[in-house]
Amino acid sequence: MKLYSYFRSSAAYRVRIALNLKGLHYELVPVHLLKNGGEQRSEAYCRMNPTALVPTLTDGDFNLGQSMSILEYLEETHPETPLLPKDAHSRARIRAFCQSIACDIHPVNNLRVLQYLSQTLQIGETAKSEWYAHWVTEGFKALEALLHDSNGSYCFNDTPTLADCCLIPQVYNAKRFNIDLTAFPKIESIYTHCSTLSAFQNAAPEAQSDAA
């Protein structure tokens, strides 16, 4: 398998965590989102992934974009180390939690949105940072409430799940943008615990070959 990834992409970060947790070998192929006008916009990459986004997973001659679809694909094709529980209610809760991040928080704060704010709408850095902080804070309020039964080590249950794969990159980004997370003790606790585990450490942006 190959994973086309950018070290700071939280979507690619999710997939790297899942691959590591499942113990799957993969070749990482860097796609720099800023150099040369964005390598994800190249003709060769767009033939593989017309959305011009990362990540893309290739498994043989099968190409798949969209991080949540990739996570589900890995779960279905490599169930030996499950990242979803067996019962339907728990699986649904975890999927809902993941989508709160992937559908509600991340899309309004990803690179192309921030670039549009600053480059096209000419919004200043202070206002752009306020935009980012607002949507993260609003999203984390909901996530913290959804984590009311968490043991503080993982989002749900006693082992990592897809929820942790999605949460940790979002917290990492929040910290990178200096957002105060003291109002979210469960989120902070889970992030602190997961950051001690090799599967998460090896997936972190600074551990990637393309880290700048």
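**Exercise 1.** In this predicted model, find the residue with a positive phi that follows helix H7, then compare the reach of H7 with its expected value.

*Solution.* Asn-178 follows H7, and its phi is positive, near 60°. Next, take the helix itself: H7 covers residues 162-176, which is 15 residues.

**Exercise 2.** State how many aromatic pairs the whole structure holds, and describe the pair of Tyr-13 and Tyr-172.

*Solution.* A search of the whole structure gives eight aromatic pairs. In one of them, Tyr-13 and Tyr-172, the centres are 5.7 Å apart and the planes stand at 85°. Planes over 60 degrees apart count as edge-to-face, and the Tyr-13 and Tyr-172 pair is edge-to-face. Now place the residues: Tyr-13 is in helix H1 (residues 10-21) and Tyr-172 in helix H7, so the pair ties together parts 159 residues apart in sequence. Last, check accessibility: Tyr-13 has 3% and counts as buried.

**Exercise 3.** Describe the pair of Phe-140 and Phe-184, and say where each residue lies.

*Solution.* The rings are edge-to-face, with 5.7 Å centre to centre and 85° between the planes. Phe-140 belongs to helix H6, while Phe-184 sits in the loop between H7 and helix H8 (185-194); they are 44 residues apart, and the pair links distant parts of the chain. Phe-140, at 0% relative accessibility, counts as buried. Phe-184, at 4%, also counts as buried.

**Exercise 4.** State how many salt bridges the whole structure holds, and locate the one between Glu-72 and Arg-95.

*Solution.* The search finds six salt bridges. The side chains of Glu-72 and Arg-95 meet in one of them, at 2.8 Å, N to O. Glu-72 lies in helix H3 (residues 67-77) and Arg-95 in helix H4 (residues 88-105), 23 residues apart, and the pair links distant parts of the chain.

**Exercise 5.** Classify Lys-128 and Glu-125 as buried or exposed.

*Solution.* The two side chains meet in a salt bridge of 3.4 Å, N to O. Buried means under 20% relative accessible area, and exposed means over 50%. Lys-128, at 15%, is buried. Glu-125, at 51%, is exposed.

Key
Residues are numbered from 1 along each chain as its sequence is written. This is a predicted model: local features need pLDDT of at least 70, side-chain atom pairs count only at pLDDT 80 or more; totals for chains, interfaces and linings use all residues. Side-chain values use heavy atoms; hydrogens and water are left out. A salt bridge is a side-chain nitrogen of Lys or Arg within 4 Å of a carboxyl oxygen of Asp or Glu. Helices (H or I, at least four residues) and strands (E, at least two) are DSSP runs, numbered from the N terminus. Buried means under 20% relative accessible area, exposed over 50%, partly exposed in between (1.4 Å probe, protein chains only). The expected span of a helix is 1.5 Å times one less than its number of residues. Rings of Phe, Tyr and Trp (its six-membered ring) pair if their centres lie within 6.5 Å; planes under 30 degrees apart count as stacked, over 60 as edge-to-face and the rest as tilted.
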